[in-house]
Amino acid sequence: MKRIFSGAQPTGNLHLGNYLGAIRNWVTLQQDFSDCVFCVVDQHAITLWQDPKELHRSIRELAAAYIAAGIDPRKSILFNQSAVPGHAQLAWVFNCVARIGWMNRMTQFKDKAGKNRENASVGLYVYPTLMAADILLYKATHVPVGEDQKQHLELTRDIAIKFNNDFGVDLFPVPEPLILGEATRVMSLRDGTKKMSKSDPSDYSRINLADDADAIAQKIRKARTDPDPLPEVVAGLANRPEADNLVTIFAALKGISKAAALADVGGQSFAVFKGMLTDLLVSELAPVSAEWRRLVADPAYIDSVLRDGAERASVLARPILDEVYDTVGFLRP
Ligand code: AQP
C-alpha cells in the first residue's frame, strides 16, 4: 500500500519556495495517490521561539493555505500535529533508536542553531526524530519534500531500518523521498546563494503566498540580477546564481525544464524577463491568495477541517503506535 505524508511549519510567511518545492506537488500527488496525509507541524515550529498568539493564528493560516492551493480536505487528511499525541509518543521511542552521531551530522541543526549552539533548544536538536515519527506513525511510503529536507528523510530511513533490525520485525516501510520538479530549492531574491526562507529578515528576499500583484511586481523588479542578458543554454547559468534562480522559478511555474525555458527567453534582458516572470507569478498565485484570504476569514470552517482531520489521522495512527509499543515491550494495561 502506498501512502503520502508531508507537512510544513506554521512559522508565518509561507513563500514561493514552500509552494513550488512542496505544496504544489502535494496537490498533484493527491490525484495519483488515494491515501494522503498533510500535516501542519506545529510541534516542529516551537523548536525555535514562537509567540503563542502568532503561532495560534499561523496554524489556521497554514491550513487555509493548503486548502487554497488545492488540497481537498475531504479526500486527503489535513490536521495539526499537536492534535494527535502519537507523534510525540513515537518520537520518544525514536529518540532511543537514533544515535547521537547521526544527529550530529544534521546540517539544518548547525544552520539554525548558528554559533550559539549551547543555547539551542533540545527540541531543535531532536527535530529529525520527530519528523521520522510524523512519517512512520502512518507507515507512509512516499514523502514529497524540498531538497533541504533530504538529509532528514535519509535519517528517517535509517531509523526505520534500525528499529526493524533491533526488534527483528518488518514493522516500518523505508519511505522514499519525492523531490519533484525544477524548483526543489528556490533561492532568496536578494542573494541567489541563500535558500528562500520564512525567517529571512528581508521581506524582499521572498514572494509570500499572501502577497498581492503589486507586492509581487515590486519584489521581482528589485530582485538582484547581473548585467548580462539571459543565456541561451543552461550551462550559461553557471556562476550566475540569481539568474539561475529566476529561470528556475519561471520554468517551474510553466511546468517545463530550464533548458526549455531558456529556449524561450534566452537572450532577453532582465527588464523584459522580469515582466514575463511577474505576469506568470501573478496569474499562478492570485487565485491561491484570494482563496486563502476568504478561508482565513472563516476560522470556524478551518477548525472543523482540522478537527475532522485529527480524528481520521488518529484512526490510522493508533493501531500503528500500539504495534510499536507491543514490539518495544511496553505494557498496555
Ligand atoms: N526555498 C525552498 N525551496 C524549495 N522548497 C522549500 N521548502 C522550504 N523552503 C524551500 C520546502 O517546504 C516544505 C515546508 O518547509 P517548512 O515549513 O517545514 O520549513 P523550512 O524548510 O524550515 O522552511 P523555511 O522557509 O526555510 O523556514 P525557516 O526560515 O524557518 O527555516 C518542506 O518540504 C521544505 O523542503
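Predicted model: local features only at pLDDT ≥ 70, side-chain atom pairs only at ≥ 80, totals over all residues.

Student: Okay, so why is Asn 208 called buried?

Tutor: Its relative accessibility is 7%. The limit for buried is under 20%, so Asn 208 counts as buried.

Student: Where is Asn 208, and what does it touch?

Tutor: Asn 208 sits in the loop between strand 5 (176-178) and helix 10 (213-222). Setting aside residues up to four places away in sequence, Asn 208 touches Asn 13, Leu 14, His 15, Asp 203 and Lys 219.

Student: What makes the link between Asn 208 and Asp 203 a polar contact?

Tutor: Their side chains are joined at 2.9 Å. The cut-off for such a pair of N or O atoms is within 3.5 Å, and 2.9 Å meets that distance limit.

Student: Asn 13 was among those neighbours. Is Asn 13 buried or partly exposed?

Tutor: Asn 13 has 35% relative accessibility, so it counts as partly exposed. Asn 13 lies in the loop between strand 1 (4-8) and helix 1. Its phi is positive, about 50 degrees, although Asn 13 is not a glycine.

Student: Which phi does Lys 139 have?

Tutor: Lys 139 has a positive phi of about 50 degrees, and it is not a glycine. Look for Lys 139 in the loop between helix 8 (127-136) and strand 4 (142-144). At 22% relative accessibility, Lys 139 counts as partly exposed, because buried would need a value under 20%.

Student: What about Lys 258: buried or exposed?

Tutor: Lys 258 comes out at 17%. Buried needs under 20%, so Lys 258 counts as buried. Lys 258 is in helix 12 (residues 258-265), and a polar contact of 2.8 Å joins its side chain to that of Asp 244. Apart from neighbours within four places in sequence, Lys 258 is in contact with several residues, among them Glu 182, Val 234 and Leu 237.

Student: Now the rings. How many aromatic pairs are there?

Tutor: The count comes to eleven aromatic pairs. One of them is Trp 26 with Phe 38, and that pair is stacked.

Student: How do you know that Trp 26 and Phe 38 are stacked?

Tutor: Check two values: 4.9 Å centre to centre, and 10 degrees between the planes. Ring centres must lie within 6.5 Å to pair, and planes under 30 degrees apart count as stacked.

Student: Then why is the pair of Phe 163 and Phe 167 called tilted?

Tutor: Their centres are 4.8 Å apart and the planes make an angle of 45 degrees. Stacked needs under 30 degrees and edge-to-face over 60, so 45 degrees leaves tilted. Phe 163 and Phe 167 both lie in helix 9 (residues 150-167), four residues apart, about one turn of the helix. Phe 163 is buried at 0%, whereas Phe 167, at 33%, counts as partly exposed.

Student: Last topic, the ligand. How many residues surround it?

Tutor: 22 residues surround the ligand, and the closest are Asp 148, Lys 195, Ser 197, Lys 198 and Ser 199. An oxygen atom of the ligand is 2.5 Å from an N or O atom in the side chain of Ser 197.

Student: How much of the ligand does the protein bury?

Tutor: Taken alone, the ligand exposes 650 Å², and the protein buries 96% of that.

Note on methods:
Residues numbered from 1 in each chain as written. Heavy atoms only, no water. Phe/Tyr/Trp six-rings, centres within 6.5 Å; stacked < 30°, edge-to-face > 60°. Helix = DSSP H or I, 4+ residues; strand = E, 2+ residues; numbered from the N terminus. Buried < 20%, exposed > 50% of the residue type's maximum accessible area, 1.4 Å probe, protein only. Polar contact = N/O pair within 3.5 Å; in protein donor to acceptor, adjacent residues only side chain to side chain. Contact = heavy atoms within 4.5 Å. Near = heavy atom within 4 Å. Areas by Shrake-Rupley, 256 points an atom, 1.4 Å probe, with all protein chains shown as cover.
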